[in-house]
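Keep the 3D view open as you read.

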Amino acid sequence: MINPIKTLALGAALLAGFTCTAQQKPADNSKKIDALIAKMTLEEKVGQMTQITLDVLCKGDNRYSSTHPLTLVDTEMKKAFGHYHIGSVLNVAGGKAITPQKWYELISGVQKSSLTNDTKKIPLLYGVDEIHGVTYTDGGTMFPQEIAQGAARNPKLTQQAAAITAYETRACDIPWTFGPVLDLGMDPRFPRQWESFGEDPYLCAVLGAAMVTGYEGNNMGAFDKVASCMKHFLGYHAATSGKDRTPSYISEDALREYHLPAFKAAIEAGSQTVMVNSGIINGVPVHANYDILTKLLKEELGFKGLVVTDWADIENLYKRDRIAISDKDAIMIAINAGIDMSMVPYQYEVFCDNLIALVKEGKVTEARIDDAVRRILKVKHALNLFDKPNTNPKDYPKFGSKEHEKASYDMAAEAITLLKNEGNVLPLKKNIKVLVTGPNANSMRTLNGGWTYSWQGDKTEEYAGKYNTILEAVQNEIGKTNVTYVPGVSYKEGGHYYDEFADKMDEAVSAAKNADVVLLCLGENSYTEKPGDMNDLYMSDLQTELAQKLAATGKTVILILNEGRPRLISKFEQQVKGVVQSYLPGNFGGDALADVLFGDVNPSGKLPYTYPRYPNATIGYIHKPSEEQKKAEGVYNYEADYNPQYPFAYGLSYTTFAYKDLKISKPAIKKGENVQVTVTVSNTGKVVGKEVIHLFTSDLYASSVTPDVKRLRRFEKLELKPGESKTVSFELSPKDLSYAGRDGKTILEAGDFEVAIDKLKAQFTLTE
Ligand code: BGC
């Protein structure tokens with residue numbers, strides 16, 4: 001397909017339109033809610049706290065699977081809504097994407113049944129994981145995944161992407177998305193790192209808040225806004241094993257210093273729902289943790305919204321984590337810990353009947369139930385569901401429009417990160433012959449990753465045929481006759497997520513001999529959650545072998561990475577001339593990548609994580625001074641140094657930038673005062689380029705906890721023409737200089753601080 005994006009001029013009004021939609025302030029419905037609760041029976045209240053998956057209501061062999069075309073079963077709905085008063089439904093049924101019209105038929109059908117059968121006529125709250133666009137909708141706009149958005153470092157684009165997703169989500173009659181993912185993507189082994197904005201708490205906080213604003217605006221009851229859901233509270237990606245839903249050990253100071261800031265920022269941005277971490281921290285499953293869910297989240301942070309479990313996680317307290325001796329015990333523990341809604345998602349009778357009994361036995365108070373129901377009804381009111389329980393696709397003409405696609409392309413173009421450019425091999429000329437090879441070269445599935453048209457992203461080829469793979473985009477860029485394609489290595493399909501088999505490796509190597517340049521597209525196949533767990537962080541063996549064999553031909557090899565986490569490339573990185581990281585750039589990632597490779601776009605992405613060189617050295621940029629080891633000089637010359645393949649925030653450009661005049665407003669400030677930092681950045685090269693200015697601070701000495709070597713405190717992305725200079729000003733507040741002490745309490749200490757921007761450094765003193 002011809003790249004549709006380049007032909008579309010981006011009106012400056014586009015972004016403005018998304019950020020300034022006129023919205024009425026939401027009304028205060030607390031009196032109405034209290035009056036309703038006063039009239040509700042215990043059974044009705046418990047029903048509100050129950051969330052089931054759509055499969056339960058659709059025709060199929062059993063509750064766990066539905067058959068296409070999806071059909072609602074009346075008797076099931078009567079039972080769920082009439083007898084059990086179920087308040088929420090989630091997910092797609094039948095395991096794959098459907099059209100907006102089909103969504104509307106299903107959700108309006110479910111909503112109608114709920115409003116007809118439920119005695120109190122409370123509208124249903126429908127939720128779906130729309131984490132990079134409308135996940136389970138045919139024809140919607142798929143954006144780059146959050147990890148790529150972390151690389152783009154452009155909060156306006158992130159807000160715009162969320163606003164478009166909100167619009168397209170409502171076009172499908174869905175008012176609630178399970179995003180943003182605010183987990184700290186600190187572990188390259190973890191199968192969900194790509195769902196996060198990366199390894200830095202501040203970056204996650206800024207982009208997370210931008211996403212919440214994009215989803216909710218200042219009134220999520222507007223026709224084009226949805227409720228966001230911050231997830232997964234708290235400390236989800238810190239599993240010791242690096243595998244999904246396995247235990248983590250997180251100290252109080254680390255929990256607050258690294259994992260909490262993004263959630264705090266998102267709450268301040270107005271997010272009204274939160275999903276709980278499915279794992280275990282310090283021996284206690286988070287779903288059973290009163291200190292985290294009630295004391296920290298609801299009391300200390302003042303969160304007034306609703307807390308929903310993750311998938312089957314109350315049942316897991318009994319069946320997996322064995323902290324409860326029965327389903328009933330598990331329900332008591334979780335509800336008393338602070339859970340408001342249970343994503344059951346199948347055996348809802350077990351949840352409802354047991355919770356009703358627990359209240360009657362006095363083991364869960366009715367006050368706790370009322371609190372949960374109040375939070376749920378508040379969200380339903382804020383979404384305007386009482387007045388307008390459904391939204392119809394016919395009112396959303398911009399669904400999947402060129403305008404929306406352009407926003408996705410722009411994000412991909414800003415995310416793609418140039419990691420190596422030996423001898424300025426890139427950008428490539430357009431009159432050359434290239435070999436495009438590797439298992440990711442001709443795959444829409446790998447460009448998108450998981451949560452795309454299906455949970456694991458394995459059905460993407462069925463839906464995304466009209467978009468360009470890397471191969472197709474390169475063909476569009478320089479003409480088909482200049483492009484040879486040999487996969488070399490392919491992924492196994494059907495249940496295997498990242499294994500691959502040798503296909504035509506020798507053919508690829510001989511084809512390289514006739515090419516000027518080899519575009520080697522390596523990485524991972526799509527996956528998420530448990531199915532993406534793995535034992536070896538190195539790029540898989542066959543891909544490594546393909547890279548080494550191609551490099552041995554002596555041809556110029558450009559490595560294009562398309563992966564959810566940084567798979568180690570140190571076994572062949574030195575042999576390739578260029579490295580371009582595309583992350584999971586979405587349906588327009590192929591087009592954006594081709595534009596970067598051939599110089600139509602100057603790359604400006606910056607790594608949102610540390611790219612490790614070795615599997616035993618996965619420590620991120622946030623670390624302690626003792627982790628900055630020198631190479632060991634022992635008999636065996638151990639590789640003990642901190643030496644990542646590429647550091648956090650790294651990313652090259654086709655132009656050069658120079659920094660000068662780093663200034664701090666005062667040499668000394670008192671506690672409570674702010675400090676201004678300025679720096680001048682110039683484009684010293686020949687082409688226009690975007691640069692991200694990162695401001696790091698270091699606390700030189702601290703008394704309670706050893707300070708981190710450095711921490712990101714501010715960033716700003718700006719565009720400079722050749723020869724142009726701009727002075728950028730940042731304001732730091734005492735909050736940026738404080739840290740969480742051993743007991744989790746915030747400490748602000750007098751002493752010396754260093755500010756670093758690029759290679760420039762300056763110091764100031766904080767006095768009492
Ligand atoms: C995931 C959540 C997701 C939920 C609902 C769970 O398995 O951990 O991130 O929101 O399913 O689909």
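In this predicted model, the shell around the ligand is made up of six nonpolar, one polar and six charged residues. Which residues come nearest to the ligand? Out of the 13 around it, they are D129, R192, H232, R245 and D310.

Some side chains also reach oxygen atoms of the ligand. For H232, a polar side-chain atom sits 2.7 Å from one. An N or O atom in the side chain of E529 is 2.8 Å from a ligand oxygen, and for K231 that distance is 3.0 Å. On its own the ligand has 310 Å² of accessible area, and the protein covers 95% of that.

Now for the charged pairs. Side chains of opposite charge can pair when their charged atoms come close. There are 55 salt bridges in the structure, and R192, E195, D244, R245, D310 and E529 are linked in a network of them. Here are a few other pairs:

| Salt bridge | Closest N and O atoms |
|---|---|
| K360 and E43 | 3.8 Å |
| R320 and D313 | 3.8 Å |
| E545 and K549 | 2.9 Å |

K360 belongs to helix α14 and E43 to helix α3, so their pair ties together parts that are 317 residues apart in sequence. E545 and K549, by contrast, are four residues apart in helix α21, which puts about one helical turn between them.

How values were computed: Residues numbered from 1 in each chain as written. Predicted model: local features only at pLDDT ≥ 70, side-chain atom pairs only at ≥ 80, totals over all residues. Heavy atoms only, no water. Near = heavy atom within 4 Å. Polar contact = N/O pair within 3.5 Å; in protein donor to acceptor, adjacent residues only side chain to side chain. Areas by Shrake-Rupley, 256 points an atom, 1.4 Å probe, with all protein chains shown as cover. Nonpolar A, V, L, I, M, F, W, Y, C, P; charged D, E, K, R; others polar. Salt bridge = Lys/Arg side-chain N within 4 Å of Asp/Glu carboxyl O. Helix = DSSP H or I, 4+ residues; strand = E, 2+ residues; numbered from the N terminus.
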